[in-house]
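Let's take a friendly look at a protein model together. Keep the sequence and the 3D view open as you read.

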Amino acid sequence: MTKRDQFWQAVRGVCIICVVLIHCKNGLGYQSSAEQGYFFDYWLVMRQLINFPVAVFLFLAGYFTKIDVAEREPFSYISSRGRRLLVPFLVWSSLYTLANVVRSPQSFDALKITVKLLLGLSAGPLYFMLVLMQLTVLTPFLIKVIRQQRWARVLFLLTPFYLIGLYSYTLIKGEQLPFYQTFFPAWFVFYYGGLWIKIRGFRPIFKKDFQIIKSVVLCLACLAFSILEAYWLVGQGFGAGFASSQIKASSFLYTYSIIHLLFVIRPYLAHMKVQPLSILGDYSFGIYFVHVAWIAVSTKLVHLIPEANMLPVYQFFQLVFVLFFSLASIFLGRKILGPKLAEQLLDQVHKCV
């Protein structure tokens with residue numbers, strides 16, 4: 001593997017842990033429980049705390065874009081990066097679609113199966129790849145806009161306007177917009193922000209004095225705002241699924257406060273090695289794909305644990321199980337597939353994300 005920045009690999013490691021935890025058992029079933037309603041509160045608050053990984057992954061995808069290549073050879077750049085995204089997407093989408101067909105052969109419908117395969121609907125996290133593909137096509141244009149500076153800041157408004165539409169739709173219809181997370185405007189502000197900082201550099205909000213402390217306080221304030229918004233949304237009749245979502249105003253502010261903190265602390269931690277997190281970061285691309293299968297397996301096995309009726313305990317065992325077997329299956333896959341094919345299907349994170 002290519003040598004990578006260990007700090008950002010550790011950040012990726014934290015992000016993939018949070019992705020897996022988000023997909024572990026949720027607390028929706030406890031919302032109306034008179035005896036265990038506190039598990040819903042625990043889950044809703046915990047979700048606000050970890051509602052940053054996808055946005056940070058997309059920010060890093062923008063930040064680590066090869067700007068000179070995208071500028072010099074835009075069509076070649078789009079073709080090359082698009083291929084590295086499309087191949088694993090189609091392979092994993094096909095595998096999960098086939099697994100669903102085998103599990104429920106009586107509901108076979110060729111058209112629906114094709115749509116699920118092409119949109120990655122057979123496994124929820126696959127939408128991430130579609131978002132990256134859309135943003136990849138836009139990358140040369142976005143770099144040009146940032147370079148020229150004219151209207152560059154206006155593009156940051158794209159995601160806020162999308163959020164206004166999303167909130168309005170959810171309030172009026174009483175349900176979330178279909179594929180709301182798959183459209184690139186939902187995440188645009190993070191990818192664009194990554195490109196912006198890569199080209200124009202990072203400018204901290206606070207001056208040098210107590211910069212880290214102020215940045216931590218900002219994160220805590222944004223987290224508190226996210227928790228308050230989540231409960232406010234539930235109180236206003238929005239679904240708990242939307243209230244817990246990564247795609248809402250307060251979650252985005254919280255994520256940007258985390259990104260700001262990461263840049264502030266990086267000079268102090270750049271040489272610190274956190275090997276377990278870095279390893280998870282190295283294989284986060286593969287874990288993103290395979291963890292869905294291990295989530296399904298863990299759901300069937302975790303009930304064997306006596307204390308698993310407690311949501312935090314359930315999630316802990318599920319998280320450890322899924323991460324361990326995801327890594328094990330990736331290492332085994334590399335042995336079986338060989339380095340070249342394994343790189344295409346499991347190790348593209350350093351090239352695409």
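## Cysteines and disulfides

A disulfide is a pair of cysteine sulfur atoms within 2.5 Å. By this rule the count here is zero. Take cysteine 18: the nearest cysteine sulfur belongs to cysteine 15 and is 6.5 Å away, and cysteine 18 is in no disulfide. Cysteine 24 is in no disulfide either, with the nearest cysteine sulfur, that of cysteine 18, 11 Å away.

Are these residues buried or exposed? Buried means under 20% relative accessible area, exposed over 50%, and partly exposed in between (1.4 Å probe, protein chains only). Cysteine 18 is buried, at 8%, and cysteine 24 is buried too, at 4%.

## About the model

This is a predicted model, where local features need pLDDT of at least 70, side-chain atom pairs count only at pLDDT 80 or more, and totals for chains, interfaces and linings use all residues. Residues are numbered from 1 along each chain as its sequence is written, and side-chain values use heavy atoms, leaving out hydrogens and water.

## A nonpolar patch on the surface

Now find Leu86, Leu90, Leu111, Val115, Leu118, Leu119, Leu121, Phe179 and Phe183, which form a nonpolar patch with about 750 Å² of accessible area together (Shrake-Rupley method, 1.4 Å probe; for residues, only the protein chains shown count as cover). Patch residues have over 30% relative accessible area and no salt bridge; like charges are joined within 9 Å, and nonpolar side chains (Val, Leu, Ile, Met, Phe, Trp, Tyr) within 5 Å. A salt bridge is a side-chain nitrogen of Lys or Arg within 4 Å of a carboxyl oxygen of Asp or Glu.

Which helix supplies the largest share of the patch? H6 does, with four residues. Helices (H or I, at least four residues) and strands (E, at least two) are DSSP runs, numbered from the N terminus. Leucine 121 lies in the loop between H6 and helix H7 (127-148), and is partly exposed at 37%.
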